[in-house]
Amino acid sequence: MTDFAERDGPSVTEGAPAPAEAVRTRGLYKRFGRQVAVAGVDLVVPAGSFAGLVGPNGAGKTTTLSMITGLLLPDAGSAEVGGSDVWRDPVAVKAHIGVLPEGLRLFERLSGRELLMYNGRLRGIPKDEVARRSEELLTVMDLVSSADKLVVDYSTGMRKKIGLAAALLHNPRVLFLDEPFEGVDPISANTLVEVLRRYTSSGSTVVFSSHVMELVERLCDWVSVMNLGRIVAQGPLSEVRGGQTLNEALLHLVGARATGEQGLSWLGSPGA
Amino acid sequence: MAWLFVRLKLRLIAGNLRGDAMRQIGFVFTLIAAAAVALGGFALIALLRFAPQDVAVDAGMVIFTVIALIWVVGPLLVFGVDETLDPARLVLFPLTARQMAVGMFAASATGPWPLASLIVLLGAVAGLARDVSGLLIGLVAVPLHLAFCLVASRTVTTALSRLLRSRRGRDLLAIGVVFVVLLSQVPNLVINRGVAGPPLELLAGLAALVRWSPPGMAAHAIAGGGLLGLAELAAVGVLVIVLAAVWVAVLRRTLVRADSSTEAASVGRSRFDRLLPGGPFGAVVAKELKYLRREPRGRMGWLSAVGVSTVLLFSLSSGPGGLSGASLAIAVACLTALMLGLQGVNVFGIDGRALWMNAVVYSAPRDLRTDLAARHLAISLAAGPAIAVLAVAGALVAGDLVWAVPALLTAAGALPIALGVGAVTSVITPYTYPQRVNAFTSAAPGQGGVAVAGSFGAMLATALLAAPVVIPVLMGVTWLSVVAVPYGLAVAYGGRRLAATIGYARLPDLLAAVSRPS
């Protein structure tokens, strides 16, 4: 497929061997006031992998992804995508990444189709090509019947799907998804998974954060575990979980304490 | 139950203030305002004692009606500020509709504004009562009228609460707010232009209109006293009870009816889009033009700018110091251009949390410059016709259609000046538009100061930059209007350049500033 998003500037050329690492951060650090959100993250994601970024709430996953995608300025450290520094060489990076940030932040007053057209044209893809790709994406995402409704009236699942479609429109090399499956019904989740599998099978990279360990276990071949703003484990899925389920491995890694049985004695006893 | 709701309301007021200095200051101002309204209102109505009897009664009836209207319309404009008022939040508690009605009535009687209303109304007892029976009736009529105001206001908000919770309803309401604000200018214009004859006749006419409404009867009962007063009092009491029954019935129905907010209509595909060039410039122009039509906050700003300009056309031309001749047409057109240009002081605010979609694409200041230019073109496409209409209207009111030409030229220069300045304020003082539309705030909590600073700075800078051209033209050097357009375009270009350089360097901050939770 022709990459129309290729802007002027010496980005990674098609012929050259792609770097083995799609994403690499060194000592990424961010604090908000006194709260250190990300305390020196060295994230590595090999090219072509389906990578999961997991960890409890407040571990710093969203902040890390925002800094890698150029939406949040890090206080220290560096982030590279496809061998180019995100903050020093934004032209090379931004043309080749697709992003679905947390919180379903979309242009609410555009219809689904208009949102895709807007994204494609913003990236300099010719109008006819945007229209063609949009129709295909709308069909695959099963959004054709809602394509002319305003995004503000979409359900959570529909919003995630249109957001993913917008992120895929320019055929990025690396896709960053923040909680893509949160609040999504099983049918839509299945569609999302199918599209993402097809996308990675051609050698593109997906990095996504999630709380749903079963899903990460089923989809990912690479896992990075975050806790308290740091990477606590990272590597191929089989290595990270080491014979246990990923859920058990995670509980062990973040040192979760067993929930006590004390209290709540009234709960469940009928008529108490 | 009533006491529980009163405590809930007090707790909500206190919780809202905790740890937020801006809100605490805001609340102190609310208290000061309520106290001022209470004392000022009391004094003003009490002064009716010194007016002739019939004038005092007429004024009292009209004032009581106005207070009731404020109670009905006011909460609609700020709907959502107070959780005790939304029955949807109470559905899951095991309460009967009657219990809920009593509780919500008690909650809405709690707070600074109900107390202020009570004090203002008590002024009527001092101002209207002529004998002991009037005084005694007044002491009952005032709480009864307050109860009428509260129940009427509750009934309307409850009946509309389903609509108000839906997206479409809130969109409609946002437009309603503009009309209410503009309507408040009508009495001003009517009195200034003497349309309805002498003020006293106008008052008598209004009083006759509301004579048999509950507020009218309550006020008349206080003034008249005696047996007729007692009868009127009884009638108001019965009406309050009937209205309360209606409210309970509406409440009962509202609680179990489905929410209609998920029924979504489709939008047509725009033909105009095809005329626009491909690439980011065309994309942003197309998006902005759609947002002008579809985004309620945008529409609010545009409608009020055009509305205020129309009001200005009449108020500038009337009165002893009124403008006339070419300067009237020019002043009206330029003020319209300024006010429409001010819609661009926070151009990224309208994108809000979606602005990241642009930020993940833009990789040089040039990209941001293209974006700003596209937004300016979209605003100009919409503002142009409005300015033209007002320039022609101004010229017609002033007496010679030819005056529309310099007016239009000067305004066409003033608009890009405002836009260029707005581009810079958009990146220096960006702020988030509040999620909930209401008539009284324009920025997310804590950003009100930034919003005001941005708007005032933009207004001042625009006035200073426009002065070299606009003032000579107003003074009669009409030929200078020819250079207004190139001058304005140059200022706009400079503004965009500066804004793009500043804005690109702080793109992540910009993003955070317009995506605050609100």
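Domain bounds here come from an automatic or database domain assignment. The structure is a predicted model, in which local features need pLDDT of at least 70, side-chain atom pairs count only at pLDDT 80 or more, and totals for chains, interfaces and linings use all residues. Residues are numbered from 1 along each chain as its sequence is written, while chains are lettered from A and ligands numbered from 1 in the order in which they are written.

**View 1. The two domains of chain A.** Domain 1 of chain A takes in 18–96 + 174–190 + 203–254, and domain 2 covers 106–171. Their centres, taken over C-alpha atoms, are 25 Å apart. Six residues from domain 1 of chain A meet six residues from domain 2 of chain A, where contact asks for C-beta atoms, placed from the backbone, within 7 Å. On the domain 1 side, three residues are nonpolar, two polar and one charged. In these classes, Ala, Val, Leu, Ile, Met, Phe, Trp, Tyr, Cys and Pro are nonpolar, Asp, Glu, Lys and Arg are charged, and the others, Gly among them, are polar. Across chain A there are nine helices and 11 strands; helices (H or I, at least four residues) and strands (E, at least two) are DSSP runs, numbered from the N terminus.

**View 2. The six-stranded open sheet of chain A.** Here the strands follow the order S7-S8-S9-S4-S10-S11, with mixed pairing; two strands pair if DSSP finds at least two bridges between them. S7 and S11 (230–236) of chain A are the edge strands, each pairing on one side only. From one strand to the next, the twist averages 15°. Helix H5(A) packs on this sheet, touching S7 and S8 of chain A, and its direction makes about 165° with that of S7(A). Such angles run from 0 to 180 degrees between N-to-C directions, and axes are lines fitted to C-alpha atoms, for helices over the stretch in contact.

**View 3. Strand S7 of chain A and its partner.** S7(A) and S8(A) pair in the parallel sense over four bridges, with Ile97(A) opposite Val174(A) in S8(A). In a regular strand the side chains alternate between the two faces of the sheet. On S7(A), Ile97(A) and Val99(A) on one side and Gly98(A) and Leu100(A) on the other are all buried. A residue is buried with 20 or more other C-beta atoms within 10 Å of its own, exposed with 12 or fewer, and partly exposed in between, C-beta atoms being placed from the backbone.

**View 4. Two loop residues with positive phi.** Most residues other than glycine have a negative phi. Asp142(A), though not a glycine, has a positive phi of about 60°. Asp142(A) sits in the loop between H4 (127–140) and H5 (156–168) of chain A, and counts as partly exposed because it has 14 C-beta neighbours inside 10 Å. For Glu179(A), phi is near 50°. Glu179(A) belongs to the loop between S8 (174–178) and H6 (186–201) of chain A; with 22 C-beta neighbours inside 10 Å, Glu179(A) counts as buried.

**View 5. Where chain A touches chain B.** Here 31 residues of chain A are in contact with 29 residues of chain B. H3(A) gives the most to the chain A side, with five residues. That side divides into 15 nonpolar, six polar and 10 charged residues.

How values were computed:
Two residues are in contact if their C-beta atoms, placed from the backbone, lie within 7 Å.
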